[in-house]
Amino acid sequence: MAVEVKELLEAGVHFGHLTRKWDPNMAPYVYMERNGIHIINLYKTAAKIDEAGAALAKIAASGRKILFVATKKQAKDIVAEKASAINMPYITERWPGGMLTNFVTIRKAVKKMASIDRMKKDGTFNTLSKKERLQVDRLRAKLEKNLGSISDMTRLPGALFVVDIKREHIAIKEAQKLNIPIFAMVDTNSDPRQVDYVIPANDDASKSINKILTHVTDAVAGGLAERKAEKEAVAAEKEAPKAEAKKAAPAVKEEEE
C-alpha cells in the first residue's frame with residue numbers, strides 16, 4: 001500500500017532540526033526552511049518508505065530477522081510494541097557493546113538467562129542459599145532488561161532498523177563492519193551516507209516515529225505472510241502424492257476382489 005503524503009504531514013514527519021544544526025548531506029531531502037527549521041520533503045520520504053518496505057519484506061520472507069534499535073525515550077515503547085507484534089528482536093535499553101561484532105559472547109549471556117529459567121523449573125534454584133538466590137535473581141533481571149528481547153535471535157540479523165542514527169552510532173558502526181544492511185529514520189542533523197536505506201523523517205516526535213514504524217512493520221508482516229504461504233504451498237505439494245496414493249488404494253483392493 002502506497003504511503004500518503006497527507007498522513008505523514010499530519011504526523012509531523014516533515015519537521016527537521018534547526019538550520020544551524022543540519023548536516024549538509026541531507027540537502028537532497030530538504031524541501032525548504034521555515035522559521036529557522038528545515039522542512040523535510042515528504043514526497044521523498046513517502047518514496048523512501050516504499051523502497052525500504054519492499055526491501056524489508058524480502059528479508060523477512062527469506063526467514064532472516066530484522067533487529068530494531070531505538071534507545072531514546074520517545075521511541076522505546078513504540079519500537080518495543082511494533083517489533084513484538086511481528087515477532088522481531090529489538091534493543092530499547094542501552095546498546096550492548098559487541099552486540100553484533102561479538103555475537104558469540106552475547107549468545108552466551110542469553111544462554112545463561114535460559115539456564116537460570118531451567119533452574120527455576122527443575123527445582124535447582126530452591127536448593128541455593130537465600131543470598132545466592134537473590135544474586136541469581138538480580139543477574140536474571142539485568143539480562144532480561146538488556147537482552148530479553150533478543151533471546152530468540154540465534155544468528156546475526158539480516159538487517160538493522162534504527163531510529164536516530166546519531167544516538168545509535170555504535171550499533172551503526174558494528175553493522176557496517178559486518179556488512180549488515182542498515183535501514184533508518186534519518187533527521188536533518190544526521191549524515192545519511194551511513195545508511196543503506198534512508199527514510200528522511202522527524203526522529204524526535206513520537207507521532208512521527210509511530211507513523212514510520214507502522215508502515216515499516218506492516219511491510220515486514222507482509223513478507224512474513226508471504227513466507228508462511230510459500231511454506232504451506234510446499235507442504236501441500238508434498239502431501240498431494242500421499243493423498244492420491246490413499247485414493248488409489250481402495251480401487252486396487254476392489255479389483256483384486
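How many salt bridges does the structure hold? The structure holds ten salt bridges, a salt bridge being a side-chain nitrogen of Lys or Arg within 4 Å of a carboxyl oxygen of Asp or Glu. Side chains of opposite charge can pair when their charged atoms come close. The model is a predicted one, in which local features need pLDDT of at least 70 and side-chain atom pairs count only at pLDDT 80 or more, whereas totals for chains, interfaces and linings use all residues. Residues are numbered from 1 along each chain as its sequence is written, and side-chain values use heavy atoms, with hydrogens and water left out.

The protein is divided into domain 1 (5–99 + 156–229) and domain 2 (101–155), with bounds that come from an automatic or database domain assignment. Taken over C-alpha atoms, the centres of domain 1 and domain 2 are separated by 31 Å. Contact, meaning heavy atoms within 4.5 Å, is made by 15 residues of domain 1 with eleven residues of domain 2. The size of an interface is often given as the accessible area lost when the parts come together. Between domain 1 and domain 2 the buried area is about 1,300 Å², and carbon and sulfur atoms give 64% of that area; buried area is here the accessible area (1.4 Å probe) that two parts lose on being put together, summed over both. Of the area that domain 1 buries against domain 2, 38% is supplied by Glu-93, Met-99 and Leu-156, more than by any other three residues.

Across the interface of domain 1 and domain 2, the rule finds zero salt bridges, but three residue pairs, with both residues at pLDDT 80 or more, are in polar contact. A polar contact is a pair of N or O atoms within 3.5 Å; within protein, one must be able to donate a hydrogen and the other to accept it, and residues adjacent in sequence count only if both atoms are side-chain atoms. On the side of domain 1 that touches domain 2, strand S5 (90–91) and helix H6 (169–177) each supply at least two residues, where helices (H or I, at least four residues) and strands (E, at least two) are DSSP runs numbered from the N terminus. By class, this side of domain 1 has nine nonpolar, two polar and four charged residues; Ala, Val, Leu, Ile, Met, Phe, Trp, Tyr, Cys and Pro count as nonpolar, Asp, Glu, Lys and Arg as charged, and the others, Gly among them, as polar.

Ile-91 has its place in strand S5, and at 1% relative accessibility Ile-91 counts as buried, where buried means under 20% relative accessible area, exposed over 50%, and partly exposed in between (1.4 Å probe, protein chains only). When neighbours within four places in sequence are left aside, the residues in contact with Ile-91 include Leu-67, Phe-68, Met-99, Asn-146 and Ile-150.

Among the salt bridges, the side chains of Lys-72 and Asp-164 meet at 2.8 Å, N to O. Lys-72 lies in the loop between strand S4 (66–69) and helix H3 (73–85), and Asp-164 in the loop between S6 and H6, so the pair ties together parts that are 92 residues apart in sequence. Lys-72 counts as buried at 5% relative accessibility, and Asp-164 is buried as well, with a relative accessible area of 12%. Lys-72 and Asp-164 are linked with Asp-203 and Asp-204 in a network of salt bridges.

A salt bridge also joins the side chains of Lys-76 and Glu-93 (3.7 Å, N to O). Since Lys-76 lies in helix H3 and Glu-93 in the loop between S5 and helix H4 (103–122), the pair ties together parts that are 17 residues apart in sequence. Asp-117 forms a salt bridge with Arg-140, the closest N and O atoms being 2.7 Å apart; Asp-117 lies in helix H4 and Arg-140 in helix H5, so this pair ties together parts that are 23 residues apart in sequence. Asp-117 counts as partly exposed at 29% relative accessibility, whereas Arg-140 counts as buried at 16%.

Most residues other than glycine have a negative phi, and most peptide bonds are trans. Asn-35, however, has a positive phi, near 50°, and lies in the loop between strand S2 (30–34) and strand S3 (37–40). Phi of Asp-164 is likewise positive, near 75°. Asn-35 is exposed, with a relative accessible area of 76%, whereas Asp-164 is buried.
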